[in-house]
Amino acid sequence: MTADVFIFWFLAILTIVSALSVVLMTNPIYSALSLAMTMVSVAAIFVTLQAYFLAGVQLIVYAGAVMVLFVMVLMLFDLKNELQAFSRGKFTGAIKVGAVGILAGLIVGAVGSFIMAGKSGAPVTPEASTSADATKALSEHLFFNHVFGFEALGVLLLVIAVGTVALSRSKGGTHAKH
Amino acid sequence: MPSTSFLTDISINHYLILSAILFSIGMAGVLLRRNIIVLFMSIELMLNAVNISFVTFSHYFDKVDGQVMVFFVMTIAAAEAAVGLALAVSIFKRFKEVNIRFFEHLKG
């Protein structure tokens, strides 16, 4: 078993366990910590896929900015352990678990057929490039071919920032009495 | 008996199945939890699952379009979290509670 294989399985198990604990923890602070763990391991998965720049962006944006946002809001709320963390209702709960089960069954079918098929075809792994080359190719693609989307995202972020400030400053938020 | 080569040969399928499992966990969280904050966290999980499959395809087909799309998804995710949390704060100011059932008061 080579190092690549070991790293993949380690990261996969770490990601799945921490994602499960996001959903299953009843204290939202523990959910936020597990989410940060998930983000870090997803960034490591990006590194194994040789997307070095995206791994850095993932760490800064998700594990940094978005997690700080979540934790700040949780601090504002001052939540204790919830009395009723999960939705109630036997019938709707059964429907929800069934829907998730169908999706999980699809996954198990995919895994099964994949194992039964034996080998999965030789993976066409491109030759390893240095991180500088990969980042250069990515930036050229982003700024030559997708520059309109990039500018549109800039405008979107500005609108979102203004809208968020307006939403949280208005008296009563969305429930302002007229 | 199935062969154990899937344990030692990491291929594109492994990454895609990991992405699908992560997406299912996020979907279960959205459907089953009541806390609006944990709901947003589950949505982030689903977006991350999609990001993993984008990067996987980008790596195995040697094209960078997938990684550009991951940039866009990350931006949208950050914006969505900001607006959603602002909404949650205003719900909390009104009801002192962040349970999802208070969102039904938003209609009308």
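Chain B and its residue Asn48

Biologist: Which residues does B:Asn48 touch, not counting residues up to four places away in sequence?
Modeller: This is a predicted model. In it, B:Asn48 is in contact with residues of chain A, leaving aside positions up to four places away in sequence. The residues touched are A:Met39, A:Val42, A:Gln58 and A:Tyr62.

Biologist: Which side chain forms a polar contact with that of B:Asn48?
Modeller: A:Gln58 is one of the residues that B:Asn48 touches. The two side chains are joined by a polar contact of 2.8 Å. The partner is A:Gln58.

Biologist: What pattern does chain B follow along the sequence?
Modeller: Chain B has 4 helices and 0 strands. Read along the sequence, the pattern is α-α-α-α.

Biologist: Why is chain B described as more spread out than a compact globule?
Modeller: The C-alpha atoms of chain B fill a box of roughly 55 × 35 × 20 Å along the principal axes. For 108 residues the globule rule gives 13 Å. Chain B is more spread out than a compact globule because its radius of gyration is well over that value, at 18 Å.

Biologist: How far apart do the centres of the positive and negative side chains of chain B lie?
Modeller: Chain B carries 8 positive and 7 negative side chains. The centres of these two sets are separated by 19 Å.

Key
Residues numbered from 1 in each chain as written. Chains lettered and ligands numbered in written order. Predicted model: local features only at pLDDT ≥ 70, side-chain atom pairs only at ≥ 80, totals over all residues. Heavy atoms only, no water. Polar contact = N/O pair within 3.5 Å; in protein donor to acceptor, adjacent residues only side chain to side chain. Contact = heavy atoms within 4.5 Å. Helix = DSSP H or I, 4+ residues; strand = E, 2+ residues; numbered from the N terminus. Rg over C-alpha atoms; globule rule 2.2 N^0.38 Å. Lys, Arg positive; Asp, Glu negative; His and termini not counted. Charge placed at Lys NZ, Arg CZ, Asp CG, Glu CD.
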